[in-house]
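Please read them with the structure open.

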Amino acid sequence: MNNSIHKFRQLNMLIVLDPVSGAIHVVDDITYEILDYFEKNKLDDIVNLLRYKFSEEDIIDAYNEISALKKQGLLFTEDKYRNLAINRTNSVIKALCLNVAHDCNLRCRYCFASTGDFKGGRKLMSYDVGKKAIDFLIKGSGNRKVVEVDFFGGEPLMNFDVIKKLVDYGRKQSAQFGKTIKYTITTNGVLLDDDKIKYLNENFSNVVLSLDGRKEVNDMMRKRVDNSGSYDVIAPKIKKFVNIRGNREYYVRGTFTAQNLDFTNDVLHIADMGINEVSVEPVVEKDKTDYALNENHLETILREYDKLAEEYIKRIDEGRPFSFYHFKISLDNGPCIRKRLQGCGAGFEYVAITPDGDIYPCHQFVGNDEYKLGNLNTGIVNTALQKLFLDSDIYKRKECSECWARFYCSGGCYANNYNINGDINKPYKLACEMQKKRFECAIAIKIYQIMKGDKDDKELWRNTASN
């Protein structure tokens, strides 16, 4: 049984995580050191090992505190989920990625979708195909009352008229079957105007807008069809959208590459535009390009996350906070255990639909015939592929099953694993290391915020962790 703990230093704190219970402890120097010896050594041996640094009395007190926490199930907890029987046959489709446009008005260098056409020709989804997709979702969602449709591309606003028709159709159909459809959209913002901003704000529960940060960084990667930069077109429209959006959910998402390893500056640039919800994520690129990330960049990237975390809490203290997507975390173990073991649900809870009505496990598999699940006319016919995703969990991957972050990342992204390693169950090592650092930063930031006086979180803190 894996009953290891994880120790780390972040934001000038010594932090200990018990992965299985989710308990988090901020400890002193002596406790931090004793934990290295606690499981394999007796008290007398630990006293002898550390008496040159600490008094015998202090060592014994700390040892007894650790022992008490272990008895309470808050340290060195055995992994009770490893052999847990999970019903893997009752999943229902709860979300669609509706690729309404296999076309784009940008030509981003790092685009996983081959600048929008997914290597299958530039085309837009028809209203009839979209209707079939919504019918497929409603029928496949079983007794689930709330489902989601994410309009995606390419650039979905190139097919705006069809989007509006499908939103109306979805509302009528979902009401007929006692369901609610939540609509989201991912857009590069080029086509935003007053009418579209008004429509998205009135009809969409979440809007994701793309911008890489500083003008020179954005324009290096996110180019228009004529090879000019996109920043001057997009940035003012995004700012206008966000100002009108108010408190409704959105975030501005960017990508960092080997060309901007100082991505903290891009995160802060976006925040300084008056944008409070920011995500800047690492590029995933297997080919040897001048922008691909590799292990030689890792040390620099990890230091940059440390820098971002320091700046993050500095801005909290200054009264000008913003939210960074990867630094948001819950201390209550998050979703149900099945979700934590299996992750995003690609292929069995979530699927992507192309303009031709083809069904794939997610938008990043679109165009790969090996990962085609079926078509809206036939339904899901590649049941063996669906079962591959359904049966995949953190315990199918040795690296994940022994990793302290397994219940936070749920094994990482299937598509990233496949794109880098050719196997959905072979973790992408570089992404794992970056993810783990983000979790450490996120946990430390959450502790910092709690210690500053968030009353609700203090109650949670008393129930899940120990000082």
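1. In which strand is S323 found? The strand is β12, residues 323-324. Bear in mind throughout that this is a predicted model.

2. Is S323 buried or exposed? S323 has a relative accessible area of 12%. The cut-off for buried is under 20%, so S323 counts as buried. Leaving aside neighbours within four places in sequence, S323 is in contact with N276, E277, V278, Y312 and K328.

3. Now the nonpolar core. In soluble globular proteins, nonpolar side chains tend to be buried together. Here the largest nonpolar core holds 122 residues. Within this core, L98, F151, F204 and F365 touch the most other members. Helix α16, residues 429-451, supplies the largest share of the core, with ten residues.

4. Take F365 as a place to look. Neighbours within four places in sequence are again set aside. The contacts of F365 are then Y360, Y371, F389, Y414, A415, Y418 and I424. Another core, of 22 residues, lies apart from the largest one. Its members include Y32, L50, I66 and L75.

5. Next, two helix pairs. Two packed helices are described by the angle between their axes and the distance between the axes. Start with α4 (residues 127-140) and α5 (residues 160-176). Their axes come within 10 Å and cross at roughly 30 degrees. Angles under 35 degrees count as roughly parallel, so α4 is roughly parallel to α5. The crossing of α4 and α5 is right-handed.

6. Which residues of α4 and α5 meet? From α4 come Y127, G130, K131, I134, D135 and I138. From α5 come V162, K165, L166, Y169, G170, Q173 and S174. By type, the residues of this contact are six nonpolar, four polar and three charged.

7. The second pair is α6 (residues 194-203) and α8 (residues 231-245). The axes of α6 and α8 come within 10 Å and cross at roughly 40 degrees. That angle makes α6 oblique to α8. This crossing is right-handed.

8. Which residues make the contact of α6 with α8? On α6 they are D194, I197, L200 and N201. On α8 they are K237, K240, F241, I244 and R245. The contact of α6 with α8 divides into four nonpolar residues, one polar and four charged.

How values were computed: Residues are numbered from 1 along each chain as its sequence is written. This is a predicted model: local features need pLDDT of at least 70, side-chain atom pairs count only at pLDDT 80 or more; totals for chains, interfaces and linings use all residues. Side-chain values use heavy atoms; hydrogens and water are left out. A nonpolar core is a set of buried Ala, Val, Leu, Ile, Met, Phe, Trp, Tyr and Cys residues joined through side-chain atoms within 4.5 Å. Buried means under 20% relative accessible area, exposed over 50%, partly exposed in between (1.4 Å probe, protein chains only). Helices (H or I, at least four residues) and strands (E, at least two) are DSSP runs, numbered from the N terminus. Contact means heavy atoms within 4.5 Å. Axes are lines fitted to C-alpha atoms, for helices over the stretch in contact, and angles run from 0 to 180 degrees between N-to-C directions. Angles under 35 degrees count as roughly parallel, over 145 as roughly antiparallel, 65 to 115 as roughly perpendicular and the rest as oblique. A crossing is left-handed if the near helix is turned anticlockwise from the far one by less than a right angle, and right-handed if clockwise. Ala, Val, Leu, Ile, Met, Phe, Trp, Tyr, Cys and Pro count as nonpolar, Asp, Glu, Lys and Arg as charged, and the others, Gly among them, as polar.
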